[in-house]
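Please read this report with the sequence and the structure side by side.

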Amino acid sequence: MSRDVSKVIVRRARKEDLPLLLEFEQGIIRDERPFDPTIAQDPIHYYKLDELIDHPEACVLLAEENEEVLASGMARKWQARAYLDHDAYGFLGFMFTRPEHRGRGLNRLITEELIVWCKKAGLNEIRLTVYAGNIAAIRAYEKAGLHGHILEMRLPRDESEQ
């Protein structure tokens, strides 16, 4: 598979992209199910994508090549907890790359653009969540400059979750 991303453009999502965004969201959910036995049964949604597209404190990006959308990502302003040294931070999410295009660096392109958006919005603290067992995603985010910070832990409800 070619790692060339020279013909890839990163652009803002538009309302007419919504059907594809909803498809990508289901891809994210499908990919995350093996890491989380607590995800509810379908149909579920992680995001209110129709609202995020035009939200003034959010940025939904798509990576496109030859008019085909290959990957997505989102940044949004979130209020920080009162005890932190910042009032708000940029939260990254909605990261998805079509399986046949993974490994090309598309996630990194989008992540870099989202970081730029966050900084322009005055959000110098930038965070995301990733499942501890999702080693491929963790490596991708580390390549984009992110580092592990907090590990949330849970007690399995029964032996089938171990």
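## The largest nonpolar core

The largest nonpolar core has 22 residues, and Leu 114 and Cys 118 touch the most other members. A nonpolar core is a set of buried Ala, Val, Leu, Ile, Met, Phe, Trp, Tyr and Cys residues joined through side-chain atoms within 4.5 Å. Buried means under 20% relative accessible area, exposed means over 50%, and partly exposed lies in between (1.4 Å probe, protein chains only). At least two residues of this core come from each of strand 2 (58-65), strand 3 (68-79), strand 4 (88-97), helix 3 (106-120) and helix 4 (135-143). Helix 3 gives the largest share, six residues. Helices (H or I, at least four residues) and strands (E, at least two) are DSSP runs, numbered from the N terminus.

This is a predicted model, in which local features need pLDDT of at least 70 and side-chain atom pairs count only at pLDDT 80 or more, while totals for chains, interfaces and linings use all residues. Residues are numbered from 1 along each chain as its sequence is written, and side-chain values use heavy atoms, with hydrogens and water left out.

Which residues is Cys 118 in contact with, leaving aside its neighbours within four places in sequence? They are Ala 75, Gly 90, Leu 92, Leu 123 and Ile 126. Contact means heavy atoms within 4.5 Å.

Five strands form an open sheet with mixed pairing, in the order 1-2-3-4-5. Two strands pair if DSSP finds at least two bridges between them. Strand 1 and strand 5 (126-128) are the edge strands, and each pairs on one side only. On average, neighbouring strands of this sheet are turned by 30 degrees against each other, direction ignored.

Four bridges pair strand 1 with strand 2 in the antiparallel sense; Val 10 has Ala 63 in strand 2 as its bridge partner. Strand 2 and strand 3 are also antiparallel, over eight bridges, and Glu 64 has its bridge partner, Val 69, in strand 3. These two strands form a hairpin with two residues between them, and Asn 66 in the turn has a positive phi of about 50 degrees. Strand 3 and strand 4 run antiparallel and are joined by eight bridges; the bridge partner of Ala 71 in strand 4 is Thr 97. In a regular strand, side chains alternate between the two faces of the sheet.

## Helices on the sheet

Helix 3 lies across strand 1, strand 2, strand 3, strand 4 and strand 5, and runs at about 30 degrees to strand 3. Axes are lines fitted to C-alpha atoms, for helices over the stretch in contact, and angles run from 0 to 180 degrees between N-to-C directions.

## Rings

The whole structure holds five aromatic pairs. Rings of Phe, Tyr and Trp (its six-membered ring) pair if their centres lie within 6.5 Å; planes under 30 degrees apart count as stacked, over 60 as edge-to-face and the rest as tilted. One of the pairs is Phe 24 with Phe 96, which is tilted, at 4.8 Å centre to centre and 50 degrees between the planes. Phe 24 is in helix 1 and Phe 96 in strand 4, 72 residues apart, and the pair links these distant parts of the chain. Phe 24 is buried at 1% relative accessibility, and Phe 96 is buried at 7%.

The pair of Tyr 47 and Phe 94 is edge-to-face, because the ring centres are 5.5 Å apart and the planes stand at 75 degrees. Tyr 47 lies in the loop between helix 1 and helix 2 (49-52) and Phe 94 in strand 4, so the pair ties together parts 47 residues apart in sequence. Ring pairs link Tyr 46, Tyr 47 and Phe 94 into a cluster.

Asp 17 lies in the loop between strand 1 (9-12) and helix 1 (18-32). Is Asp 17 buried or exposed? Asp 17 counts as buried because its relative accessible area is 9%.

Arg 98 is in the loop between strand 4 and helix 3, and is buried at 17% relative accessibility.
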